[in-house]
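Subject: Structure handover

Hello,

Please find the structure below, followed by notes on what was found in it.

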Amino acid sequence: MAARFIIVIILITLIVMCISPHRTELREFQFSKTTNAKRLFEMNWKNNTANESISLNIIFDGWNVTIKGTQEIELSLSSPSVIPFLFENSSILRFDLEKIEVYGAKVSVKAFYDGKYGLLLLNVTPTKSTQKIRLLYTSHYQPLLDINMGDPIEWHMKSTKDYFYIPPEAYMLLSKLRGNFTIRVSHYPTNYTLAGILKLPNGKYKPLLPEENTFHTDSRRFYILLGRWDVYEKTIKINDRKIKIIAFTDEEDVTDELSKILEIYSSHLIPYPYDELIYIRFKGHRSEYEGYGLYGGALGTQFKSVIPHEVAHNWFAIYADLGILNEPFATYVSVSLYNLTPEKLNKWEALCFSSKKRTPIVEIKNIEAFRMIKITSNLYYRGAFILRSLQFVVGNETFFKGLRELLEICHAKECTKTEETLTLIEEIYENMTNKDLNWFFKKWFYTADYPNFTVSSLKVIQNGNNYRLILNITEKNGFTMPLEVKIVTPTENITKRIFVNGSAILRVELKEKPLKVIIDPNDWIANVGGSSYRINWEKQKFEKIGKEKMEINGIEIVVN
């Protein structure tokens, strides 16, 4: 395909037809060879302001997309300027430029090609106060074969026959123009729904819905999405503000669940900060559990396992960017606040211990590198469990008050440097509790181990009709932590809280002989040996493991 293109573009000469003094039409081009057309395009050309509009006719046959496009640029140049345009020809994309029309200006063209990218340099000399450039082209694109993942959002979207994306390279000539930008999709396949994703200046992404098949953007990177989705809509109120929820998916009842998620998160954090939430179901490249938090939305493979986490990123990543700490916070919020059960806690703890490599959170720099070798549990789930333990240490009211303060501070300033942000979080909670919490932050965030609480000795002393239980509890991995202990008798459960620094002795007066002692009964702390599950990474599933039963002096010891 590339060879055919080179032969065509080199043999054909440039033909310029002067239609009128203020209109020039260019139909055929002579391309010069260059080593890197993309690098030439990225040179420091003047970024002119323009109103740019594209009209597209999209046909999809199940594998191939054919796009007939007209790209129109309106300029107000007062002096000559070079306008660069870049297009691609590859194994999955062929861009055929049919003609260029220029109004209100004189124009000359230089064209270059490097075997993959073509570059047009239009030298435009204005003859009127406003100028117009119209590019007419046909693009042939194979979305199902596109495995290029150069842009972060492309790591989370894999095209299928049911839903696919069209990157800007496939539907337009890329320019360095800035200004108002509209994309009208005048025709697209029946039984598909139209949506889009815009890359924002801060590198985040925002879902966009068309108005009468037209998207209004700011000429930044924009992806057209087409899918065989059902569309669900619902409007809710949070703090007297209306929020519109829209879901593009084949799953049922998702708007009710999204409403529930927004209401729960808003009640514990700050009210949802945007006017709408758009959920788009899409397949992931790497697994069935993949998603991306969008500004005012979420993209994901499936609802239950992905979207609660991605919606949480609207607080931690979009409203307040905490760098790599966005992931443990979003994981904590989605697991701890949304439908938390003892079984869910048990599996959450298992995810912590199933990490292939344990690295302190402060040493994690590149999340994508960690994703590729399946050790994200160290950041996501261990980090989230740290936050759950912090909640236990400072108390519920103080913990969520601190999260709200953190969100507002980091909404107004940069908080992407991990150690600086951890210092900020520590200061917030130390100020609220009037306590030194450095022992907690240094051990949990700067090491990668877990506590190992055990009952090293147990005595029961009968005194008439009453009993005294004496427990010696030790921690073997150097953690200093408060700890809950539940004592079960035939008629009651008694929970005590102690502080363990190496070891601690707990004495409890009981009316009946104890039957069972449970360490950390509410799973506030990820404790070595606490979970009855592990992850089989090859099968991508939880597997039950046998926990050794422990008994001292006839009393069962359970470690959660």
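**Overall fold and contacts**

Counting contacts (heavy atoms within 4.5 Å) in the protein between residues at least 6 apart in sequence, 68% join residues at least 24 apart. This is a predicted model, in which local features need pLDDT of at least 70 and side-chain atom pairs count only at pLDDT 80 or more, while totals for chains, interfaces and linings use all residues. Residues are numbered from 1 along each chain as its sequence is written, and side-chain values use heavy atoms, with hydrogens and water left out.

The C-alpha trace spans about 115 × 45 × 45 Å along its principal axes. The secondary structure comprises twelve helices and 32 strands; these are DSSP runs numbered from the N terminus, helices being H or I with at least four residues and strands E with at least two. Of the 560 residues, 54% count as buried, where buried means under 20% relative accessible area, exposed over 50% and partly exposed in between (1.4 Å probe, protein chains only).

**Helix α5**

Helix α5 (residues 303-312) is mostly covered, with eight of its ten residues buried. These are Phe 303, Val 306, Ile 307, Pro 308, His 309, Glu 310, Val 311 and Ala 312. Their cover includes the helices α4 (254-268), α6 (326-337) and α9, together with the strands β20 (276-281), β21 (291-294) and β22 (297-300).

**Packing of α7 and α9**

Helix α9 (residues 380-394) also packs with helix α7 (residues 342-353), at an angle of about 125° and with the axes 8 Å apart. Axes are lines fitted to C-alpha atoms, for helices over the stretch in contact, and angles run from 0 to 180 degrees between N-to-C directions. The two helices are therefore oblique to each other; angles under 35 degrees count as roughly parallel, over 145 as roughly antiparallel, 65 to 115 as roughly perpendicular and the rest as oblique.

From α7 the contact uses Leu 345, Trp 348, Glu 349, Leu 351 and Cys 352, and from α9 Tyr 381, Arg 382, Ala 384, Phe 385 and Arg 388. Cys 352 is buried, at 0% relative accessibility.

**Disulfide**

There is one disulfide, defined as a pair of cysteine sulfur atoms within 2.5 Å. Cys 410 and Cys 415 form it, with their sulfur atoms 2.2 Å apart. The torsion about the S-S bond is about -85°, so this disulfide is left-handed. Cys 410 is buried at 4% relative accessibility, and Cys 415 is buried with a relative accessible area of 3%.

Regards
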